[in-house]
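Let's take a friendly walk through one protein fold. Keep the picture in view as you read.

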Amino acid sequence: MAGEASSGFGPGYGSAEDGGFCVKYRACCHCGAVRYEVCADPVDAKICHCRACQVLHGAPMQWAAIFHKRHVRLVAGAEALRFYNSELDRCERALPCKVRCARCGTLIADEGRRMWLAFPSLFDFGTFPKVPDTFRPTCHIFYAARVIDMDDGLPKWSGHKNESTLL
């Protein structure tokens with residue numbers, strides 16, 4: 001991440017020098033070492049049931065809100081970021097990859113080639129948190145790999161949304 005301080009996470013992301021970047025949401029890891037801001041609503045939100053998400057999150061599913069990288073900027077913790085590419089089984093920033101805090105271990109996001117898949121539970125939605133409607137999931141993906149059934153009325157895809165069988 002050396003040489004990327006002015007652009008936070010790196011090329012393609014929002015910049016600390018961008019006067020037009022109006023903060024809409026703030027997120028951080030458990031210990032607060034890694035903090036970032038977002039200037040737009042998510043373009044989508046989903047619940048993933050793939051085996052990789054189950055294992056990496058230690059949970060039956062993972063909830064993600066998807067942002068364009070240009071709407072996200074790092075405000076603290078570049079030195080605490082660690083990356084993992086599960087396809088290569090390597091701790092490196094080879095996209096797509098998982099992003100975590102090296103200090104507390106919190107999974108921060110999934111970094112895609114063009115998108116930032118943030119975990120809404122890391123966002124500060126106030127003292128009595130009310131999750132904005134734009135963060136609410138629109139579907140389940142990789143539902144064929146689920147470990148528990150979800151009766152929530154959301155569409156359930158066998159793989160990626162709009163690219164697999166609707167179950």
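Which side chain does a polar contact of 2.8 Å join to that of Lys-98? Asp-110 is the partner.

## Before we start

This is a predicted model, in which local features need pLDDT of at least 70 and side-chain atom pairs count only at pLDDT 80 or more, while totals for chains, interfaces and linings use all residues. Residues are numbered from 1 along each chain as its sequence is written, and side-chain values use heavy atoms, with hydrogens and water left out.

Lys-98 sits in strand S7. Strands (E, at least two residues) and helices (H or I, at least four) are DSSP runs, numbered from the N terminus. Lys-98 counts as buried because its relative accessibility is 9%; buried means under 20% relative accessible area, exposed over 50%, and partly exposed in between (1.4 Å probe, protein chains only).

Besides Asp-110, the side chain of His-57 makes a polar contact of 3.5 Å with that of Lys-98. A polar contact is a pair of N or O atoms within 3.5 Å; within protein, one must be able to donate a hydrogen and the other to accept it, and residues adjacent in sequence count only if both atoms are side-chain atoms.

## The sheet

Follow the strands across the open sheet of 7 and you read S6-S7-S8-S9-S4-S3-S10, with mixed pairing. Two strands pair if DSSP finds at least two bridges between them. Strand S6 (81-84) and strand S10 (140-141) are the edges, each pairing on one side only.

Within the sheet, S4 (residues 62-68) and S9 (residues 115-118) run antiparallel, joined by 4 bridges. Here His-68 stands opposite Met-115.

## The nonpolar cores

In soluble globular proteins, nonpolar side chains tend to be buried together. A nonpolar core is a set of buried Ala, Val, Leu, Ile, Met, Phe, Trp, Tyr and Cys residues joined through side-chain atoms within 4.5 Å.

How many residues does the largest nonpolar core have? It has 32, and those with the most contacts inside it are Tyr-36, Phe-67, Ile-108, Trp-116 and Phe-123. Several strands supply at least two residues each, including strand S1 (25-28), strand S2 (35-38) and strand S5 (72-76). S4 gives the most, with 4 residues. A second, separate core of 6 residues includes Cys-50, Cys-139, Ile-141 and Trp-157.
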